[in-house]
Number of protein chains: 2
Amino acid sequence: MTTVDTPDTPFALVDAEKLDRNAARLREHLDRLGVPLRLHVKTAKSVEVADRVHAGGPITVSTLAEAEHFAAAGYTDVLYAVGIDPHKLPRVAALLRRGVTLTVLLDSLAQARAVTRFAQEEDLRVPALVEIDCDGHRGGVTPADPSLTEIGRALGDNLAGVLTHAGESYFAHTSEALHASAQNERDVAVAAAEVLRAAGLPCPVVSVGSTPTAHAATDLSGVTEVRAGNYVFFDLVMAGIGVCSTDDLALSVVVTVIGHRHEKNWVLTDGGWMATSRDRGTQAQAVDQGYGLVADVHGTLIPGLLMTGASQEHGVLSTRDGKPVPELPIGTRLRILPNHACATAAQHERYHVVSGTNPSVDTTWSRLRGW
Amino acid sequence: MTTVDTPDTPFALVDAEKLDRNAARLREHLDRLGVPLRLHVKTAKSVEVADRVHAGGPITVSTLAEAEHFAAAGYTDVLYAVGIDPHKLPRVAALLRRGVTLTVLLDSLAQARAVTRFAQEEDLRVPALVEIDCDGHRGGVTPADPSLTEIGRALGDNLAGVLTHAGESYFAHTSEALHASAQNERDVAVAAAEVLRAAGLPCPVVSVGSTPTAHAATDLSGVTEVRAGNYVFFDLVMAGIGVCSTDDLALSVVVTVIGHRHEKNWVLTDGGWMATSRDRGTQAQAVDQGYGLVADVHGTLIPGLLMTGASQEHGVLSTRDGKPVPELPIGTRLRILPNHACATAAQHERYHVVSGTNPSVDTTWSRLRGW
């Protein structure tokens, strides 16, 4: 029998009980609001995870490699939610010709014209959403920007709707701020859709989402789909803004104690940044969790202990308050709960899967990488 | 013909001319000092790179997966330079039985006893180095620590020597500080070897190294090998401490412009932290290079432009001084020069290889991942 003590460390561990609980919570919330989920697969990048929480449903991807991989696994409604580089359109066309509804994203006339020209040349419809900026976080046009309708017109019958992402919600600090961010995300997306419709253009899709806003939203009228992905695993950044508790974190990295520096109050492990990533997403939060919190191998947090340092294949554990680190002999296995599940998961090729505190590893799930 | 404009972005690019120049520089320096190199393969993790700069020579690895991979490619003298987790000894034994001289590292009596017990049970010699702490950076025992000879005795005939790594040299700020770090690294390692020898124990191996100290050393008397790995690619952290110039950086990430936010003075690309890593190693240096400097697709730096922000698949480029970003239309390809080559390379499955400013991609080189 394979248990959490069997594979060589470091390795990525998923608690399927927590994954299921996280999935059920958002599903029930969105069911109450009457809006379907378009799962973002960029966090887990695993067909097994997607099948478990969202079998065959509409998905969001962050790379064309994900689109191709999930299409091969039977996911035929796919949104590629990164502004399209025209160079990549041949791969989009190949998926469309295989019967996959692959929708692209853009926020400029240059992209809209490139998509339209390509669609004409290929005699294809390339469904495209216009990216809307709701909070200045990244790309997109605002509803008030005249280029919104120009882009819509330039897309011709490729225009499929609008999309926005409240990226600033990751920096919200209160439930009021999260709720306001969710309401703003919905309001801006719906306003953009109305601008297109007022110009006589179709806007069937009104797509919003982020893990924080998906959970905080109470009004999604006019919205046709919600995107979220991180929530399947959650992480310390999400716990830090109150979207989940640390008990909800379904992903961890199992590491082994390989040394001690008593005079520095350090425990050294074989899990460095190659295993956790360099993500320090809690650094700017109220509580800086270093490279992650530390639990025993069964998942019970060890109070006050955190991963404070990382080199490529070494982790340094120490205490937040300077109290002596607990007795953790050479060979002790521990779990590191990560800052940012998307970044930590990306360091691994597969997940070992347990259910709750049962140490038996039920199975492994695959993970995709690359572009 | 494949050129730098052919593969879909983002992808990792290596300039073989710079790689060769970097390799020749260190080889000539160590030849002058009369000490052999034990190449650390953890940066490139590529047999093609190792074959090119160090064909078949002694190597250092950071994971047993690297040891197994390079052994299969003909590298038979391998040092695993992370403190040994006793759980991993069966994989060490399997390599030893295949005729690979696999040397392990440790810094505690608990590990020494575990290695000795395992070696006896398996009827094998498991060569082991004692890790010496020369600058308080990570693990190891100091030469003055009585446990050094206790560990040496506990190893019996598995004792192979001592190893130290001047990890603090990455934070040196002047050539004097680098030179002092290199001298200290050599002095502490030799002192530790003398402690063992004075106790009647053998110490054939005296291993030192880091990319900064390997280049700064002027006296390696008593040292039997120098470890370095990052120097094959170099990076902005190394340029920041003066070990190389930005013109020596052999690794970059090719990205494509996918958008603009003129009012924010941003250019958006399709290369986010998934392509560059989250490493912000220059953050604490005199000049913070963000997520990296920006060059045109042929490698010429664009003055003042840097990658200031990253989400998973989006990069944000902006200027250091607030001057307007240059005209970079949608579809423009750029190179991002990374903070930390080890971390950035780890995000990629392969390297596309060019030579100097010739845009033709000669070949691709593979890369290993995992543990």
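This is a predicted model: local features need pLDDT of at least 70, side-chain atom pairs count only at pLDDT 80 or more; totals for chains, interfaces and linings use all residues.

Student: Why are helix 1 of chain B and helix 2 of chain B called oblique to each other?

Tutor: The axes of helix 1 (residues 16-33) and helix 2 (residues 47-54) of chain B come within 10 Å and cross at roughly 50 degrees. Angles under 35 degrees count as roughly parallel and 65 to 115 as roughly perpendicular, with over 145 as roughly antiparallel and the rest as oblique. The two helices are therefore oblique to each other.

Student: Which residues of helix 1 of chain B meet helix 2 of chain B?

Tutor: From helix 1 of chain B come Ala16(B), Leu19(B), Asp20(B), Ala23(B) and Arg27(B), and they meet Val49(B), Arg52(B) and Val53(B) in helix 2 of chain B. By class, this contact of helix 1 with helix 2 of chain B has five nonpolar, no polar and three charged residues.

Student: What makes up the contact between helix 4 and helix 5 of chain A?

Tutor: Leu89(A), Pro90(A), Ala93(A) and Arg97(A) in helix 4 meet Ala114(A), Val115(A), Phe118(A) and Glu122(A) in helix 5. By class, the contact has six nonpolar, no polar and two charged residues.

Student: In what order do the strands of the barrel in chain A close?

Tutor: Eight strands of chain A close into a barrel in the order 2-3-4-5-6-7-8-9, with parallel pairing. From one strand to the next, the twist averages 25 degrees.

Student: How do you know that strand 6 of chain A and strand 7 of chain A pair?

Tutor: Pairing requires at least two bridges. Five bridges join strand 6 (residues 128-132) to strand 7 (residues 159-164) of chain A, so the two strands pair. For example, Ile132(A) has Thr164(A) in strand 7 of chain A as its bridge partner.

Student: Which strands of chain A does helix 6 of chain A lie across?

Tutor: Helix 6 (residues 147-155) lies across strand 5 (101-106), strand 6 and strand 7 of chain A, and runs at about 170 degrees to strand 6.

Definitions and conventions: Residues are numbered from 1 along each chain as its sequence is written. Chains are lettered from A and ligands numbered from 1 in the order in which they are written. Side-chain values use heavy atoms; hydrogens and water are left out. Axes are lines fitted to C-alpha atoms, for helices over the stretch in contact, and angles run from 0 to 180 degrees between N-to-C directions. Helices (H or I, at least four residues) and strands (E, at least two) are DSSP runs, numbered from the N terminus. Contact means heavy atoms within 4.5 Å. Ala, Val, Leu, Ile, Met, Phe, Trp, Tyr, Cys and Pro count as nonpolar, Asp, Glu, Lys and Arg as charged, and the others, Gly among them, as polar.
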